[in-house]
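Please read them with the structure open.

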Amino acid sequence: MRGKQSLAHTSLLVLSLLSRQDMYGYQMISTLEQKLDRTFALKEGTLYPILRELESQGAVSCYEQEVSGRVRKYYHLTRKGKRLLAEEREQWDRYARAINTVLELS
Amino acid sequence: MDLYDSFCRAVCAHIPRATAREREDIVRELTHHMEDHARQLTEGGTEAAAARAQAVRAMGDPVEIGTKWNRQLSPFWLWTERVLRAAVTCLTILIAIPFLIEYGPNLNSILVRVGFTESLSESMWLTLRPIGQQPLELRCPYGDSVIYFYDLVVVQGRHDPEDRAVQVSAAPITKTRAGSPSTCPPSPTAAASGSPTPSPPPPA
């Protein structure tokens with residue numbers, strides 16, 4: 001359960017990043033580090049199995065593009081990915097509200 | 001071995017479901033990631049070797065990455081690739097072996113058959129058996145090569161002794177291998193066939 005939650009949260013972050021623009025792996029990690037201000041450290045290599053999982057779910061697609069003489073693999077959020085993001089976000093909001101309610105009571 | 005290579009190998013060692021192409025993609029993507037990270041570190045003032053080591057450490061445990069990655073891959077394509085490769089190999093062997101047995105020693109040879117009678121059909125050639133053989137030493141220039149006629153066999157029908165023919169074996173050879181060519185006989189009106197010749201051509 002814990003592993004599933006952690007994967008889901010990282011997936012949510014990845015989907016959220018890709019909703020703004022197409023990105024390659026390191027760009028996602030770098031952006032996450034800036035946004036999260038080192039709130040939690042993601043082992044960089046574990047991003048790729050997550051991307052692969054999202055790809056097999058049809059939530060992201062990938063394409064290659066040459067940038068400065070190097071072929072990079074970019075990830076793109078698909079329509080299915082957008083729907084998944086909306087669902088995940090809603091779940092997260094509900095979860096966060098519930099936790100906040102309990103914290104406010106204490 | 002390079003730090004990035006070692007890391008990628010360690011990851012791939014735990015992705016047995018990956019096809020060769022998927023492995024290449026995995027290695028390229030992980031390597032690019034580490035290179036990007038190391039470049040960012042060196043731009044920030046970190047020494048190159050230290051930056052590379054730090055980039056590898058930041059990737060995390062290669063076993064964990066490989067294991068998780070492997071779970072995302074379907075074994076279908078790997079097995080499809082393996083089965084197809086095995087099928088192509090078997091098919092090639094099945095096709096090649098009889099061909100090599102039949103024609104292997106004579107791939108460079110030409111067999112010309114001249115029938116004594118015009119009634120000899122293609123199927124009747126198969127029933128002929130040799131009744132006499134004569135080695136030849138005849139060279140005929142042809143373009144940049146020389147056609148070397150090296151064997152003459154008289155053959156006779158198994159069922160009808162009147163069915164007789166002469167088959168001449170020849171091989172194209174380069175001029176450097178050939179001596180001074182002899183006079184060419186007139187071109188026979190003959191049927192060419194892929195049947196085995198008596199022996200491969202000896203060196204000129």
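1. In chain A, 3 strands form an open, antiparallel sheet in the order β1-β3-β2. The edges are held by β1 (23–24) and β2 (60–67) of chain A, each with a single partner strand, so one side of each has no neighbour in the sheet. Strands here are DSSP runs of E of at least two residues, helices are runs of H or I of at least four, and both are numbered from the N terminus. Two strands pair if DSSP finds at least two bridges between them. Between β2(A) and β3(A), which run antiparallel, there are 8 bridges, and Val60(A) stands opposite Leu77(A) in β3(A).

2. This is a predicted model, in which local features need pLDDT of at least 70 and side-chain atom pairs count only at pLDDT 80 or more, while totals for chains, interfaces and linings use all residues. Residues are numbered from 1 along each chain as its sequence is written, chains are lettered from A and ligands numbered from 1 in the order in which they are written, and side-chain values use heavy atoms, with hydrogens and water left out.

3. Chain B has 6 helices and 5 strands, arranged along the sequence as α-α-α-α-α-β-α-β-β-β-β. Of its 204 residues, 31% count as buried (buried is under 20% relative accessible area, exposed over 50%, partly exposed in between, with a 1.4 Å probe and protein chains only). Strands β2 (residues 128–142) and β3 (residues 145–157) of chain B run antiparallel and are joined by 12 bridges; Cys140(B) has Ile147(B) in β3(B) as its bridge partner. The hairpin of β2(B) and β3(B) has 2 residues between the strands, and Gly143(B) takes a positive phi near 65 degrees there.

4. Now the interface. In chain A, 20 residues are in contact with 21 residues of chain B (contact means heavy atoms within 4.5 Å). The area buried between the two chains is about 1,800 Å², 49% of it from carbon and sulfur atoms; buried area is the accessible area (1.4 Å probe) that two parts lose on being put together, summed over both. Tyr26(A), Tyr48(A) and Arg70(A) supply 34% of the area that chain A buries against chain B, more than any other three residues.

5. Asp36(B) deserves a look. Its side chain meets that of Arg70(A) in a salt bridge (2.9 Å, N to O), a pair that crosses from helix α2 (residues 20–43) of chain B to strand β3 of chain A. Asp36(B) also forms a salt bridge with Arg72(A), the closest N and O atoms being 2.7 Å apart. Relative accessibility is 6% for Asp36(B), 15% for Arg70(A) and 10% for Arg72(A), so each counts as buried. A network of salt bridges links Arg70(A), Arg72(A), Glu35(B), Asp36(B) and Arg39(B).

6. Within chain B, Glu137(B) forms a salt bridge with Arg139(B), with closest N and O atoms 3.1 Å apart. Glu137(B) is exposed at 53% relative accessibility, whereas Arg139(B) is buried at 10%.

Conventions:
Salt bridge = Lys/Arg side-chain N within 4 Å of Asp/Glu carboxyl O.
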